Amino acid sequence: MSKSLIAIILAACPLVALAHAPAAMAQDVQFRLSVAWTVEVIEPEPRSRLAGGTFLLTLGKGGKVTELFTDNQRRRGRGRSARLKEGELGEDIDGRFVSQWKVVNERTLVRLVARPSHTFAIWLKTDGARSCTVSLEWRLKPGFTSYEGWSRRREIRTKFLQPTVQHARCEVLQV
């Protein structure tokens, strides 16, 4: 990320600036996002399933982003899975699916994931120090009438309807 882009982000976003302020140099800004949604699978066989988990999001110096995601679902014999992703604000972060955390305005960040049939967004709004909210959004891409995914357990492609949010909570852990 260029130094000029970082300067623009810091000027526009008090949330990110907190991670760069002299008093906070030893600390990062950290949030816990707890999210869950129901997926109504229509193919290959109709069924409902719960998805989601917990994101531990850390905004660090220089626009660094660290995301630790812990899955809600317990895997047979393996417990819950956790995935760590690291990158920079506004840049692609590799993983199972490429994601990107972007600054929307002085109080809002968005995490975008582009899937073949749709985009998935997590919106994080905060006052930067005391409170935050999180919301989830799925949007179909042109030409698609249902969402498509992949069942790792069954190793088959699935189709599903608009997911329904069960809960979306946010906590400011560290400023």
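**Reading the model**

Reply: The accessible surface of the protein is about 9800 Å², and carbon and sulfur atoms account for 51% of it. Accessible areas come from the Shrake-Rupley method with a 1.4 Å probe, and for residues only the protein chains shown count as cover. This is a predicted model, in which local features need pLDDT of at least 70 and side-chain atom pairs count only at pLDDT 80 or more, while totals for chains, interfaces and linings use all residues. Residues are numbered from 1 along each chain as its sequence is written, and side-chain values use heavy atoms, with hydrogens and water left out.

Me: How many helices and strands does the protein have, and in what pattern do they follow along the sequence?

Reply: Helices (H or I, at least four residues) and strands (E, at least two) are DSSP runs, numbered from the N terminus. Here there are 2 helices and 11 strands. Along the sequence the pattern reads α-α-β-β-β-β-β-β-β-β-β-β-β.

Me: In which sense do β5 and β6 pair?

Reply: Two strands pair if DSSP finds at least two bridges between them. Strand β5 (residues 99-105) pairs with β6 in the antiparallel sense, over 6 bridges. The two strands form a hairpin with 2 residues between them. Within this pairing, K102 stands opposite V110 in β6.

Me: Where is P44 found, and which residue does a cis peptide bond join to P44?

Reply: P44 is in the loop between β1 and β2. The cis peptide bond joins P44 to E43, with omega about 10°.

Me: What percentage of the residues is buried?

Reply: Buried means under 20% relative accessible area, exposed over 50%, and partly exposed in between (1.4 Å probe, protein chains only). Of the 175 residues in the protein, 40% are buried.

Me: Which residues of the largest nonpolar core touch the most other members?

Reply: In soluble globular proteins, nonpolar side chains tend to be buried together. A nonpolar core is a set of buried Ala, Val, Leu, Ile, Met, Phe, Trp, Tyr and Cys residues joined through side-chain atoms within 4.5 Å. The largest one here has 29 residues, and F31, L33, W37, L59, W101 and L124 touch the most other members. Two or more residues come from each of β1 (29-43), β2 (47-59), β3 (64-75), β6 (108-114), β7 (118-126), β8 and β11. The most come from β1, which gives 7 residues.

Me: How is a pair of aromatic rings described, and how many such pairs are found here?

Reply: A pair of aromatic rings is described by the distance of the centres and the angle of the planes. Rings of Phe, Tyr and Trp (its six-membered ring) pair if their centres lie within 6.5 Å; planes under 30 degrees apart count as stacked, over 60 as edge-to-face and the rest as tilted. A search of the whole structure gives 5 aromatic pairs. In one of them, the ring centres of W37 and F120 are 5.3 Å apart and the planes are at 50°, so the pair is tilted. This pair links distant parts of the chain, with W37 in strand β1 and F120 in strand β7, 83 residues apart. Both W37 and F120 are buried. Another pair, Y147 and F160, is stacked, at 5.5 Å centre to centre and 15° between the planes. Y147 belongs to strand β9 (residues 147-151) and F160 to strand β10 (residues 156-160), 13 residues apart. Y147 is buried at 4% relative accessibility, and F160 is buried at 10%. Ring pairs also link W37, F120 and W138 into a cluster.

Me: Which residues does the disulfide join, and are they buried or exposed?

Reply: A disulfide is a pair of cysteine sulfur atoms within 2.5 Å. By this rule there is 1 disulfide, and it joins C132 to C170 with an S to S distance of 2.0 Å. Its torsion about the S-S bond is about -100°, so the disulfide of C132 and C170 is left-handed. The link spans distant parts of the chain: C132 is in strand β8 (residues 132-140) and C170 in strand β11 (residues 164-174), 38 residues apart. Both C132 and C170 are buried.

Me: Which residues does Q30 touch?

Reply: Contact means heavy atoms within 4.5 Å. Q30 lies in strand β1 and is buried, with a relative accessible area of 18%. Leaving aside residues up to four places away in sequence, Q30 touches L56, L57, T58, E171, V172, L173 and Q174.
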